[in-house]
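Okay everyone, thanks for making it to group meeting. Have a look at what's on the screen, and I'll talk you through a few spots.

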Amino acid sequence: MASAAVLEEISRDLKIDRKGQPLGKVMWEKKIKEGPGSTPRTKHLYKRCRWAHTAGGEYVREDIKISLERARLYTEGHKANAGELPIIIRAKCLEHYLKNCSIYIQDEELIVGSHNEYPDKLELFPEGGAKNMMDYLEDDTVTPPELYDEGVKMVEYWKQWSLSSRCERYFDPESLEKLSTGVIGEPPVWAHFYTSACPPYQSVLEDGLEKRIKWCEDNIKNARDKIKTFPWRGEENFPLFEKIDAWEAMNISARAVIGWARKYSRLARIIAENFDLSDSVGGAGQRKKELLEIADICARVPAEPARGLKDAMQSKWFCFVVAQNIERYCSGYSQLEDNLLWPYYKASVIDKTAQPMSREEAVELIECERLKVCERTVTKGRWMRIIHPGINDLHILSLGGLDENGNDMCTDLTDVILEAALNIHTNEPSIAFKYSPKCNEKTRRLVYECISQGFGFPSIKNYEKNFKHSMEYHGWPPEVAARWALVLCMAPGATGRRSTQHSRNEGGSGIVGPAVGTMALSDGFDAWFSNKQCGAHTGDASKFTWEDLLKAVEEQIKHNSQLMFMNKEITSYAENKWLESPFLAMMDDWNVEEGVGAFHRYNKPYTNTWADYYPGPVGVVDDLAAIKYWVFDKKKYTMAQLLEALKANWQGYEEMRQEFLSAPKFGNDDDYVDKIANWFFNVSCDVWAAHKMVGWEKGATIVPQSVSAFVTLGSMIGAEPFGRRHGEPTHDGGCSPYMGLDKKGPTAVLKSVSKLPNERIKGIQLNQRLPVGLMRESEKGFDVWSAYMKTWHDLNCDHVQFNVVRTEDMRSAQKEPEKWEHLIVRIAGYSARFISLSKMAQDAVIARTEQELG
Amino acid sequence: MPQCKECKSFFPVPENEWDYEKGAGDCIRELRDNKGRYWHARRTKDEMDALKCTDYKKR
Ligand code: SF4
């Protein structure tokens, strides 16, 4: 039973007078009336937030335009140093950029630092390759005409140096063509320049960069002494040359980052002392004080260790801006934020020993951080923008969980972060909560309140299941396995001082789930989008037996995943050789100890080799079940008849389609189909495990999920035997039943999910929709939800996330979007502003089955 | 011919700074757009010709 005392405490912290009403209802009404933000500052910043999200691959706000400042300075830096070693070139380009780039500070900001020439500008990465650059340059909605010629010249210059040219040479033309279609899997990093990284912030917050520079200097000195030592030892000394280069590159980068941060210090002081600040929210005196404090903080961090929460937040932000926005574009906002910041929060808010501040001020600072993330502009390739509608990027942080001894790791800071999310009502960054029944009730209640407000987050990951999986399948020691944070949407990665995680090269990337089924029925030929042989030749499906069909599916999984893993490691090789990130390396203790770049993966301490299915593959399960049911068991139709109907996109076969739709479907606790699901996922896990990437002999693990590719890739995936027509959305999530086809209630969904080989799967996404009336407007909502979560946890399910939003509200938002700017929905591994979604994506969320609980 | 160093927006980079070079300065302006105001710093040189700069304001 929910504790009244907890509810009262939360209401007090949130300054909500419930007057006996459900907390969720009062919060919702307050937000509609007063707007988001707990203070005048964050209310102001929310109102003027420079949202930078895309929809349909286009930037929603017309003010978003490209700048060529980064591309120009990187090109200059490259030309001036072209004879240098690749890792030194990368460091010198960063140094040249940070020395000469523009910076700005916006009104009322408490955390400063950006990666672009002016607010709302997109910066480009010519070193990635021509494709993405040209896509931006030729889009006159974002590229002012006066920048076009200069941009094209840069593309020409970088042709021979780019990541594309470094990677393409290793592919045969056939594989290259298959990968480029996007039909069977995510196109390569070097085409869309999409990747992600999880920087180990802890080392910089604890040490400061100056200490780490000294560490590199000592390493260089020791290496030089070693090579002078009699007698000569070639085996030992040879590797030292490369290490010396890496340490020097790290130091060039780190010194530049300190210098760049101090440019902000200078700017903040100049603003404070020279400009009229009288129309600041808190008045001129207050703003001047704030700017002088910002000047002081930016002079000290990230050079020095963080003392309190303000230092830690600023230092972390600077590192994020450089490592994920300047040195490379990297998606993600991965961190175990409550654990990472806890020492600084404790010092500032609880002990008041450094940068003393009230709890309310800490909440405001977190709100500012959330708004800052919402203003981040990114330039990933169009394919990736299309599958990420309604957001700027995949920004997901993690909270909660237990330590390796089973103690609750939630702290007052966990609650503060959740309260800030409740106050500011932004869809980014999303939050993943590491759920254990042992997490304290107040934190679980705050998690519930966020969900009930319709944020779609926190998404819930099973702490215990993922702790065990990380030890068994990745070999992490318990203290590391306990402190996982999601790398992007769904996959846990290690955190801590020696734990840099990457996706697209080490983890991440994916193959299109439903395609392994549709390709098995078409001998690997895609007649729906590319008109090319994309999959494996597996024979004429009209002659298949049931066993032949299963074999063909398995062959398609092998073929498509082979291309993906080959591509991942070619990219990884080329990045390590040509496109290193020396600043990111400088942040990681292991990279500094070993003198290796951030993309070096041999003997990495915590390897994390995984890859996705996305969109999720449950469509294949429902396809196979429908075929088994009507073709091989009931024998009402032949394979040839089915293929004809599919070829016609079910046009003229409506009666037959209805029958295939009525076949057993996943999500209804029906063993007929659940056994097929179990077979399919086990085969997929076997295939993934057979792919042994660098650094991990046990093979890769699998993460079935969907991003929003379940809608946007609908046009690439042919008609499916379970009854879906070409162009319609596919199954969402990694194990979500098809919208409207889960008819037996929420427990049946969980039971179907529990029959998957969950212990082998690294992460598998389940989307559920719950009623507003229960979750937001009823006193018993928390108890009912807690009972549901208990069942979910007892069944060892991996993940679940909820949409709590009324159909009528979504319909109203479709009609009058300007009145529903605040409406957020869960799409996949992230939450999106509803009004920024395509009509098709909106309709797909509306069509999800609303489960009755209780 | 006016030069950046005579402009109100010119702030010389102090000698002890990492990005100091002889004559280097920050051109710092208060800017506004439909989302609010911000203060922008770009790199310039003291002897840069200010004639073509539409933002030039004599000290
Ligand atoms: S660039 Fe223009 S605004 Fe800036 S300092 Fe020079 S003259 Fe002044």
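Let's start with helix α1 of chain A, residues 4-13, and helix α20 of chain A, residues 441-452: their axes come within 10 Å and cross at roughly 60°. This is a predicted model, by the way, so keep that in mind all the way through. So are these two parallel, perpendicular or oblique to each other? With that crossing angle of roughly 60°, α1(A) and α20(A) are therefore oblique. The crossing of α1(A) over α20(A) is right-handed.

Who actually touches whom here? On the α1(A) side you've got Val6(A), Leu7(A), Glu9(A), Ile10(A) and Asp13(A), and they meet Glu441(A), Lys442(A), Arg445(A), Leu446(A) and Glu449(A) of α20(A). Sort the residues of that contact by class and you get six charged, four nonpolar and no polar ones.

Lys442(A) makes a salt bridge with Asp13(A), and the closest N and O atoms are 2.8 Å apart. What I like about this pair is that it ties together distant parts of the chain: Lys442(A) sits in helix α20 of chain A and Asp13(A) in helix α1 of chain A, 429 residues apart. As a reminder, side chains of opposite charge can pair when their charged atoms come close. How many salt bridges are there over all chains? The count comes to 96.

Next pair: helix α4 of chain A, residues 69-80, and helix α5 of chain A, residues 86-100. Their axes come within 8 Å and cross at roughly 130°. Angles over 145 degrees would count as roughly antiparallel, and this pair is at roughly 130°, so α4(A) and α5(A) are oblique to each other. The crossing of α4(A) with α5(A) is right-handed.

From α4(A) we have Glu69(A), Arg70(A), Leu73(A), Tyr74(A), Glu76(A), Gly77(A) and His78(A), and they meet Ile89(A), Arg90(A), Cys93(A), Leu94(A), His96(A), Tyr97(A) and Asn100(A) in α5(A). By class, this contact has six nonpolar, four polar and four charged residues.

One more helix pair, with another angle. Helix α35 (residues 807-815) and helix α36 (residues 839-847), both of chain A, have axes that come within 10 Å and cross at roughly 170°. That makes α35(A) roughly antiparallel to α36(A). Thr807(A), Met810(A), Arg811(A) and Gln814(A) from α35(A) make the contact with Lys839(A), Gln842(A), Asp843(A), Val845(A) and Ile846(A) from α36(A). The classes there come out as three nonpolar, three polar and three charged residues.

Most residues other than glycine have a negative phi, and most peptide bonds are trans. Where do we find a cis one? Phe230(A) and Pro231(A) are joined by a cis peptide bond, with omega about -5°, and Pro231(A) lies in the loop between α12 (209-228) and α13 (234-274) of chain A. There's also a cis bond between Glu428(A) and Pro429(A), where omega is about -10°. You'll find Pro429(A) in the loop between α19 (412-424) and β8 (430-435) of chain A. As for phi, Ser509(A) has a positive value, near 65°, and it isn't a glycine. Ser509(A) is in the loop between β12 (501-503) and β13 (510-511) of chain A.

Last stop, chain B. What's chain B made of?

The area buried between them is about 2500 Å², and carbon and sulfur atoms give 54% of that. On the chain B side, Trp18(B), Lys35(B) and Trp39(B) lose the most area to chain A, together 36% of what that side buries. There are six salt bridges between chain B and chain A. Asp26(B), for instance, forms one with Arg266(A), with the closest N and O atoms 2.8 Å apart.

Key:
Residues are numbered from 1 along each chain as its sequence is written. Chains are lettered from A and ligands numbered from 1 in the order in which they are written. This is a predicted model: local features need pLDDT of at least 70, side-chain atom pairs count only at pLDDT 80 or more; totals for chains, interfaces and linings use all residues. Side-chain values use heavy atoms; hydrogens and water are left out. Axes are lines fitted to C-alpha atoms, for helices over the stretch in contact, and angles run from 0 to 180 degrees between N-to-C directions. Helices (H or I, at least four residues) and strands (E, at least two) are DSSP runs, numbered from the N terminus. Angles under 35 degrees count as roughly parallel, over 145 as roughly antiparallel, 65 to 115 as roughly perpendicular and the rest as oblique. A crossing is left-handed if the near helix is turned anticlockwise from the far one by less than a right angle, and right-handed if clockwise. Contact means heavy atoms within 4.5 Å. Ala, Val, Leu, Ile, Met, Phe, Trp, Tyr, Cys and Pro count as nonpolar, Asp, Glu, Lys and Arg as charged, and the others, Gly among them, as polar. Buried area is the accessible area (1.4 Å probe) that two parts lose on being put together, summed over both. A salt bridge is a side-chain nitrogen of Lys or Arg within 4 Å of a carboxyl oxygen of Asp or Glu.
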